[in-house]
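My entries follow in the order I checked them.

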Amino acid sequence: KAPEEVDLETRINNVTYWVLRSVQKHSATYFVDPAWIMAQIMEESFFYEFAVSWSFASGICQFTLPTAESFGMVTPRTSGIAEEKLNQPEKAKALDRLNALRKRKNKVRSKNKKLFYNQSKLFKESLRHHLRGTTLTRAESWLDALQEMDSLKESIQSNRKEYRNFLRSNYKGKDIFDHKDLNFLLQFDERVIYKKPIEAMIKIMTRYMKGRNGNILAATAGYNSGLSRTYYPHAVYKPYGRIPNYDETVSYVSKIVVNHYEIVQRLRG
């Protein structure tokens, strides 16, 4: 939407309220700069409560289904809301199909490790056989595995799209500042509300800050890729960790640094 069509002030005021409240609540674990949390939320969703990622992360803090559920949030797969109140409820089953397809994909990959984990070596071996006019022993079964994998990938993409459309269709037209819509969303998906996701994000960040001796960059990298990936077992760096060499994580942290700078400058101005 065009900026003038978005009630950003109402959103920012409400988000700020819950950020300040949660920072204070968890300050005994570690104090996190509220402006940093705002910068983080800005990168996660630009304060759009109905943002949905390709991995089904939703809300301003972009929590996936398992993470949200671990923090006690109602999600579409734990919701007890009646089907007749949902849009396109039949598409919710795409998630079960997706999980089954992923398991099958892992099974095919595991059964054909040489095919999927040593492709360069196998390609050279195949060329040698070709030059000799012979055929690889498992050529036929490997071809079947490749064809099945292609089919599985296509089905996974299709079901992923279907479940994402299910989420979006139930967010569409809703307003978290409307009492009726809010009541529905509290029963359907608490990730799109402010209180619980913000508190969960800050709880994670306080733990990670404590775990990395106040290194907010490593803690933030951990929020994106997992705290264990920020571990660095070397001399003075060990207590503070590091930013892992992943393009997505490096970009994520860099954007938040810029967002934080902009927010602080505006607060000072």
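Entry one. I am working from a predicted model. I looked up E49 and R11 and found that their side chains form a salt bridge, at 2.8 Å from N to O. E49 sits in the loop between α2 and α3, while R11 belongs to helix α1, so the pair ties together parts that are 38 residues apart in sequence.

Entry two. I asked how many salt bridges the structure holds. The count is nine.

I looked up K114 and E125, whose side chains meet in a salt bridge of 3.2 Å, N to O. K114 is in helix α5 and E125 in helix α6, so this pair ties together parts that are 11 residues apart in sequence. K114 is partly exposed at 35%. E125 has 19% relative accessibility, and because the cut-off for buried is under 20%, E125 counts as buried.

R191 and D189 form a salt bridge through their side chains, at 2.9 Å from N to O. R191 is buried, with a relative accessible area of 1%. D189 is buried as well, at 0%.

I turned to helix α9, residues 195–211. Its 17 residues reach 24 Å from first C-alpha to last, close to the 24 Å expected. Its buried residues include P197, E199, I204 and M209. Which helices do the buried residues of α9 pack against? I noted α1, α2 and α10. Just after α9, I found N213 with a positive phi of about 50°.

Conventions. Residues numbered from 1 in each chain as written. Predicted model: local features only at pLDDT ≥ 70, side-chain atom pairs only at ≥ 80, totals over all residues. Heavy atoms only, no water. Helix = DSSP H or I, 4+ residues; strand = E, 2+ residues; numbered from the N terminus. Expected span 1.5 Å × (residues − 1). Buried < 20%, exposed > 50% of the residue type's maximum accessible area, 1.4 Å probe, protein only. Contact = heavy atoms within 4.5 Å. Salt bridge = Lys/Arg side-chain N within 4 Å of Asp/Glu carboxyl O.
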